[in-house]
Amino acid sequence: MATVPVYCICRLPYDVTQFMIECDACKDWFHGSCVGVDEDEAPDIDIYHCPNCEKTHGKSTLKKKKSWNKHDTGQSGDVRPVQNGSQVFIKELRSRTFPSSEDVVVKLSGSQMTLDYLEENGFNEPILIQKKDGLGMAMPAPTFYISDVENYVGPDVLVDVVDVTKQTHSQMKLKEFVDYYYSTNRKKVLNVINLEFSDTRMASIVESPQIVRKLSWVENYWPDDALLGKPKVSKYCLICVKDSYTDFHIECGGASVWYHVLKGEKIFFLIKPTSANLSLYERWRSSSNHSEMFFADQVDKCYKCTLKQGQTLFIPSGWINAILTPVDCLAFSGHFVHSMSVEMQMRAYEVEKRLKVASLTPFPNFETACWYVGKYYLERFKGDTRFIHNSELWDWK
């Protein structure tokens with residue numbers, strides 16, 4: 001019988017609760033406590049060599065510090081920090097250059113986005129589908145617009161609205177937001193990103209991609225007779241005006257997410273979920289003035305990916321991302337947790353719990369979903385010890 005993989009100089013199995021660092025030479029993973037590396041120090045390391053590889057490759061090296069000085073100079077000569085999402089910030093963001101997402105985003109046709117493909121190649125990098133044909137996804141006709149959303153969802157439904165300049169949120173009736181959207185004199189930049197509509201008439205004309213429904217724990221393992229309500233995370237409508245901005249974040253529960261732009265365009269700023277980047281993100285997000293610091297400046301690379309009208313983007317678990325809307329946009333999205341990203345989902349969830357972030361798009365009852373999946377596989381494979389090796393689900397027991 002195959003054994004569980006072991007790591008580090010201590011030769012123990014992976015433990016999601018312990019910080020680990022990868023050696024850039026031998027590619028093995030080590031517990032920070034075993035090799036004398038503190039988790040808070042890891043983000044500053046450029047190239048790490050384990051104790052064994054130090055002998056032949058030299059000592060680890062640190063990153064060179066860099067920063068984007070974002071300041072707004074007023075008439076009085078005073079210098080004050082620029083708020084992420086402000087007009088000054090958006091102007092500077094538009095003028096910046098970023099590494100192309102061509103290096104990290106996989107491009108597929110809709111028919112290629114299958115379970116067989118993901119099982120063979122994994123789901124660790126964003127995937128861009130240029131045409132929705134073959135995705136098994138239902139979308140409204142191209143003539144569908146914001147007024148139709150109001151008609152299908154209901155004018156009196158309360159929606160969470162983000163004031164982009166202040167990065168604060170409040171509630172208003174959908175009709176009030178639609179009136180704002182169509183107004184010719186928008187005094188604020190307002191953004192709706194979490195209108196979950198699975199219990200409305202609009203649910204009948206929007207369906208998530210088939211691969212999402214095949215992978216989703218909620219869709220496949222949540223009992224119909226469960227005492228707790230099934231998490232409603234599969235169908236979101238995003239109504240975003242020009243210059244809307246959502247700051248860097250990790251999806252709640254480490255969920256993967258899909259986006260489809262029905263009208264307009266979106267720009268994603270994507271950062272890999274390496275151990276160093278996740279540690280940097282946690283440090284940045286816990287800072288009292290994180291809304292005045294552009295997180296992309298604290299990592300080696302932040303990739304820019306433009307999602308045009310009619311295209312679909314799948315973002316894997318743990319990826320740190322921010323979103324800029326360059327033109328008025330209507331899009332649909334959904335969150336899903338699944339068995340291909342168990343380790344990253346649990347790590348992202350631990351980060352989320354430590355940060356105690358109040359998200360506009362939470363993943364309710366995440367731990368309960370994990371237990372339902374575990375129960376399903378335990379009952380199905382009880383007595384079959386081969387399953388312990390074949391399924392990553394057992395890594396988080």
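## Structural report on the predicted model

Of the 397 residues of the protein chain, 48% count as buried, where buried means under 20% relative accessible area, exposed means over 50%, and partly exposed lies in between (1.4 Å probe, protein chains only). The model is predicted, and local features need pLDDT of at least 70, side-chain atom pairs count only at pLDDT 80 or more, while totals for chains, interfaces and linings use all residues. Residues are numbered from 1 along each chain as its sequence is written, and side-chain values use heavy atoms, with hydrogens and water left out.

The protein chain contains 12 helices and 21 strands; these are DSSP runs numbered from the N terminus, with helices (H or I) of at least four residues and strands (E) of at least two. Among contacts with a separation of 6 or more, 74% join residues 24 or more positions apart, a contact being heavy atoms within 4.5 Å. The chain exposes about 19,900 Å², of which carbon and sulfur atoms supply 49%; accessible areas come from the Shrake-Rupley method with a 1.4 Å probe.

An open sheet of four strands has the order 15-20-17-18 with antiparallel pairing. Strand 15 and strand 18 (303-308) are the edge strands, each pairing on one side only. From one strand to the next, the twist averages 15°. Two strands are said to pair if DSSP finds at least two bridges between them; strand 17 and strand 18 share six bridges in the antiparallel sense. Within strand 18, Thr306 is the bridge partner of Ile267.

Helix 3 (residues 87-95) lies across strand 15, strand 17 and strand 20, at about 105° to strand 20. Helix 9 lies across strand 15, strand 17 and strand 20, at about 115° to strand 15. Axes are lines fitted to C-alpha atoms, for helices over the stretch in contact, and angles run from 0 to 180 degrees between N-to-C directions.

Helix 9 (residues 275-285) is mostly covered, with nine of its 11 residues buried. Its buried residues, including Leu278, Tyr281 and Trp284, pack against strand 3 (20-22), strand 4 (29-31), strand 15 (244-249), strand 17 (265-271), strand 20 (320-325) and helix 10 (342-355).

**Nonpolar cores**

A nonpolar core is a set of buried Ala, Val, Leu, Ile, Met, Phe, Trp, Tyr and Cys residues joined through side-chain atoms within 4.5 Å. In the largest, of 68 residues, Val149, Ile239, Tyr245, Phe248, Phe314 and Phe332 touch the most other members. Helix 6 (residues 174-182) gives the largest share of this core, five residues. Apart from it lies another core of 37 residues, among them Tyr221, Phe268, Cys305 and Val337.

Leaving aside neighbours within four places in sequence, Phe314 is in contact with residues including Met113, Phe123, Ile211 and Trp258.

**Met139**

Met139 lies in the loop between strand 10 (127-129) and helix 5 (146-153). The C-alpha atoms of Met139 and Val206, 67 residues apart along the chain, are separated by 4.9 Å. Beyond four places in sequence, Met139 is in contact with Lys132, Ile205, Val206, Glu207, Trp258, His260 and Phe332.

**Cysteines**

The structure holds zero disulfides, a disulfide being a pair of cysteine sulfur atoms within 2.5 Å. The nearest cysteine sulfur to that of Cys26 belongs to Cys23, at 3.7 Å. The sulfur of Cys50 is 3.6 Å from the closest cysteine sulfur, in Cys53, and therefore too far for a bond.

| Residue | Relative accessible area | Class |
|---|---|---|
| Met139 | 13% | buried |
| Cys26 | 38% | partly exposed |
| Cys50 | 1% | buried |
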